[in-house]
Amino acid sequence: MSEVVLVSTLDALGQFLRPSTLAEVFVDGLSKAAVYAMIAGGLTLIFGLMGVLNFAHGSLTMFGAYLGGLVLVVAVSQATGPFARLAYFFVAAVVVFGLLAALGGALEVGLIRPLYDRPPIYQILLTFGVTLVLDEVARIAVSFYGLQPITEWQAALGTRPGVLSESYTVAGVGANGLDLFQVAVGALVVGAVWAFLTRTRYGLVVRAGSEDSEMAEALGIDVRRVFTTVFALGAGIAGVAGLLLAWDPTWGASVPLASETLLPAFVVVIIGGLGTFRGTVYAALLVGLVDAVTTWWFVNAIEFSALPEMTVFLILVLVLVVKPQGLFGVAEVGGH
């Protein structure tokens with residue numbers, strides 16, 4: 001290493017180790033973790049409780065971005081200020097969750113349920129075919145209405161209130177409003193899912209059905225209905241995640257969003273361990289923080305923006321080598 005490079009690296013290290021920089025990177029990492037947890041949360045619920053590897057999860061997220069963006073665009077004309085727009089976001093979240101949950105429930109009942117007694121490859125091929133159909137339907141729709149099929153849907157991005165575009169400084173630590181909003185929404189969704197699974201009677205029924213479906217049926221539990229509920233819940237969470245991404249200029253509402261979100265969702269689920277919601281949350285935190293740290297270094301010191309995405313997959317490889325079942329993986333998932 002030359003003397004010039006060494007001095008430059010030491011200067012960057014000194015800047016990175018400043019408390020204000022570390023705090024800003026930490027907040028950025030929490031924001032990324034919230035997004036990853038939202039994207040992967042529904043996927044791990046469906047696989048962990050039902051054993052179904054849903055390749056259509058990314059498409060459901062993309063549908064949520066477009067449907068939520070449409071609600072926001074229609075509602076913006078009724079909004080009188082930034083806080084009204086924030087209120088409409090949560091209205092859109094309820095609408096998107098309901099629509100995507102209904103779509104997910106219909107997919108489970110009409111397409112996936114008949115394949116439960118067949119090898120998993122049938123479900124994989126089916127959900128892969130579903131994602132191709134959903135992507136083409138979305139592509140035809142956005143082309144028909146003149147929306148941009150490749151770049152982000154600017155009308156949806158334009159509904160974001162200005163308070164989420166500003167930077168705020170608290171105790172010397174700067175944070176973007178959108179980052180703070182994503183952390184709050186991600187924590188709200190993760191907390192709601194955790195409370196549903198661990199603090200409600202139906203959550204107990206869901207866990208019983210996933211652990212031992214035959215015993216649950218013997219106790220009078222309608223396991224098929226439980227699986228439909230879980231699939232609908234996972235699809236609804238995917239839709240809300242898409243709505244959150246519709247306000248993020250890094251993602252935005254677009255047809256390619258389906259494939260762009262599916263890959264990190266699988267990475268986070270695998271790192272956390274297939275079938276564990278807790279592992280997915282911890283994996284999202286790990287991936288988000290590492291992504292934030294490497295993004296700072298590759299933007300501010302090394303100036304090569306493509307490498308942060310590669311580090312996410314390096315984490316995946318390292319985890320698979322050291323602990324192939326993932327951080328909180330279990331030997332067997334799915335109870336049917």
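Analyst: Gladly! Helices here are DSSP runs of H or I with at least four residues, strands are E runs of at least two, and both are numbered from the N terminus. This is a predicted model, with local features needing pLDDT of at least 70 and side-chain atom pairs pLDDT 80 or more, while totals for chains, interfaces and linings use all residues. Residues are numbered from 1 along each chain as its sequence is written, and side-chain values use heavy atoms, leaving out hydrogens and water.

User: In which helix is Glu-214 found?

Analyst: Glu-214 belongs to helix α9, which covers residues 213–218.

User: Is Glu-214 buried or exposed, and how do you know?

Analyst: The labels go by relative accessible area (buried under 20%, exposed over 50%, partly exposed in between; 1.4 Å probe, protein chains only). Glu-214 has 64%, so Glu-214 is exposed.

User: What do Glu-211, Asp-212, Glu-214 and Glu-217 make on the surface?

Analyst: These four gather in a patch of negative charge. Patch members have over 30% relative accessible area and no salt bridge, with like charges joined within 9 Å and nonpolar side chains within 5 Å.

User: Which residues make the nonpolar surface patch?

Analyst: That one is made by Leu-10, Leu-13, Leu-17 and Leu-22, and its area is about 350 Å². Leu-17 sits in the loop between α1 (3–16) and α2 (19–50).

User: How many salt bridges does the structure hold?

Analyst: There are 3. The term asks for a side-chain nitrogen of Lys or Arg within 4 Å of a carboxyl oxygen of Asp or Glu.

User: What makes Glu-108 and Arg-113 a salt bridge?

Analyst: Their closest N and O atoms are 3.6 Å apart, which is within the cut-off. Glu-108 is buried because its relative accessibility is 0%, whereas Arg-113, at 28%, is partly exposed.

User: And what of Arg-139 and Glu-136?

Analyst: Here the closest N and O atoms are 3.4 Å apart, so this pair also meets the definition. Both residues lie in helix α5 (residues 120–144), and because they are 3 residues apart, about one helical turn separates them.

User: Why do Arg-225 and Asp-222 count as a salt bridge?

Analyst: The N to O distance between their side chains is 3.9 Å, so this pair qualifies too. Arg-225 is exposed at 55%, while Asp-222 is partly exposed at 40%.

User: Why is Gly-203 called buried?

Analyst: Its relative accessibility is 0%, so Gly-203 counts as buried. Gly-203 is in helix α8 (residues 201–211).

User: Where is Asn-176, and what is its accessibility?

Analyst: Asn-176 lies in strand β2 (residues 173–176). At 24% relative accessibility, Asn-176 is partly exposed. Between Asn-176 and Gly-64 there are 24 Å in space, C-alpha to C-alpha, and the two are 112 residues apart in sequence.

User: What does UniProt list as "transmembrane region"?

Analyst: The unreviewed UniProt entry lists several spans, including 33–53 and 124–147; such annotations may be inferred rather than shown by experiment. In the model, residues 33–53 are 86% helix and 0% strand, with end C-alpha atoms 22 Å apart. Residues 124–147 are 88% helix and 0% strand, and their end C-alpha atoms lie 31 Å apart.

Notes. Areas by Shrake-Rupley, 256 points an atom, 1.4 Å probe, with all protein chains shown as cover. Lys, Arg positive; Asp, Glu negative; His and termini not counted. Charge placed at Lys NZ, Arg CZ, Asp CG, Glu CD.
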